[in-house]
Amino acid sequence: MTDLHRLYALSHSLYSGRARAYLIKQRIAFQELSTGHESFKTEVLPKAKLATIPTLVTPTGEVIRDGAAIIEHFESANGRPSQPQGPCQQIISALFDVIGHDGLLRPAMHYRWNFPTENLHFVQYHFLHAQRDTPERAEKTEHMMNRMRHVTEVFGVTEQSQPLVEALYTEYLDAFNAHFEQYPYLLGWKPCVGDYGLLAPLYAHLGRDPYPASLMQQRAPRVYRWVERMNRPTKTCQSFLRRAPIF
Ligand SMILES: N[C@@H](CCC(=O)N[C@@H](CS)C(=O)NCC(=O)O)C(=O)O
């Protein structure tokens, strides 16, 4: 038996980024495997029932599907290290968790699927390698990608709404960038549940696909640094070192 958790996730998956960052920041030892790995079909799916990611397998073989359930599994066992202490901060943290994993779905999908000149090659590579290596791989990849393009429209990103989606996202980026002039995380000096929710769209899609990543780097470098910081076990970053508290 191993004491490593196994996280089934993909680097381009929105919800995977939230669970992965939590494990990294909480220093929980894990091995990440793709859904293309044989064990996902043979070991995980019979217990998980639905093929969604992230899905966690604990060292004792328990299967936990859904990013929120994965975070709650550790939060409840470890004295809620990512819940702020004050009631107002708890509400803000919970609110930003929802804003992240639901509210920012429109810009996340828009900036991935509506900029094919910059994104297609990169996105296609990741979707292809998420599929098991079978003769139908290319066909399945195309099917998945078309499904996501359709979902983008279903979520409300149409030709008419695109300017509004972009205006709201860039306004949000500017505000978040200004916030990071003061603090390295959403509510101060350590990440809370709200940071993890926000990271979902801001990592895999908006901070990693070529077009939106470049937009974030150029327009909101402090947000880009937060995205990096959320994927590293250390608590703070260069620009905050001189006044960071020692925990
Ligand atoms: N609420 C779930 C959503 C998980 C989810 O929809 N994940 C996507 C990838 S980002 C997925 O597995 N999609 C595959 C499918 O729906 O068939 C969570 O937070 O884990």
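Trainee: In which loop does Pro-54 lie?

Mentor: Two conventions come first. This is a predicted model, in which local features need pLDDT of at least 70, side-chain atom pairs count only at pLDDT 80 or more, and totals for chains, interfaces and linings use all residues. Residues are numbered from 1 along each chain as its sequence is written. Helices (H or I, at least four residues) and strands (E, at least two) are DSSP runs, numbered from the N terminus. Pro-54 is in the loop between α2 (38-48) and β3.

Trainee: What kind of peptide bond joins Ile-53 and Pro-54?

Mentor: Most residues other than glycine have a negative phi, and most peptide bonds are trans. The bond between Ile-53 and Pro-54 is cis, with omega about 5 degrees.

Trainee: Where are Arg-27 and Lys-49 found, and are they buried or exposed?

Mentor: A residue is buried if 20 or more other C-beta atoms lie within 10 Å of its own, exposed if 12 or fewer, and partly exposed in between, with C-beta atoms placed from the backbone. Arg-27, in the loop between α1 and β2, has a positive phi near 55 degrees. Arg-27 has 7 other C-beta atoms within 10 Å and is therefore exposed. Lys-49 belongs to the loop between α2 and β3, and its phi is positive, about 70 degrees. With 10 other C-beta atoms within 10 Å, Lys-49 is also exposed.

Trainee: What is the order of the strands in the open sheet?

Mentor: Strands of a sheet pair through backbone hydrogen bonds, either parallel or antiparallel. Here two strands pair if DSSP finds at least two bridges between them. The four strands are ordered β2-β1-β3-β4, with mixed pairing. At the edges are β2 (30-33) and β4 (63-65), each of which pairs on one side only. Strands β3 (residues 55-57) and β4 run antiparallel and are joined by three bridges; in one of them, Thr-55 has Arg-65 of β4 as its partner.

Trainee: Which residues of helix α3 are buried?

Mentor: In α3 (residues 67-77) they are Gly-67, Ile-70 and Ile-71. The arc is that of the directions from the helix axis to the C-beta atoms. The buried residues of α3 fall within an arc of 95 degrees, so they line one face of the helix. Ser-76 and Ala-77, on the other side of α3, are exposed. Two residues are in contact if their C-beta atoms, placed from the backbone, lie within 7 Å. The buried residues of α3 pack against α1, β3, β4 and α9.

Trainee: Which domains does the assignment give?

Mentor: Domain bounds come from an automatic or database domain assignment, which gives domain 1 (5-77) and domain 2 (87-243). Their contact takes 18 residues from domain 1 and 22 residues from domain 2. On the side of domain 1 that touches domain 2, the largest share, nine residues, comes from α1.
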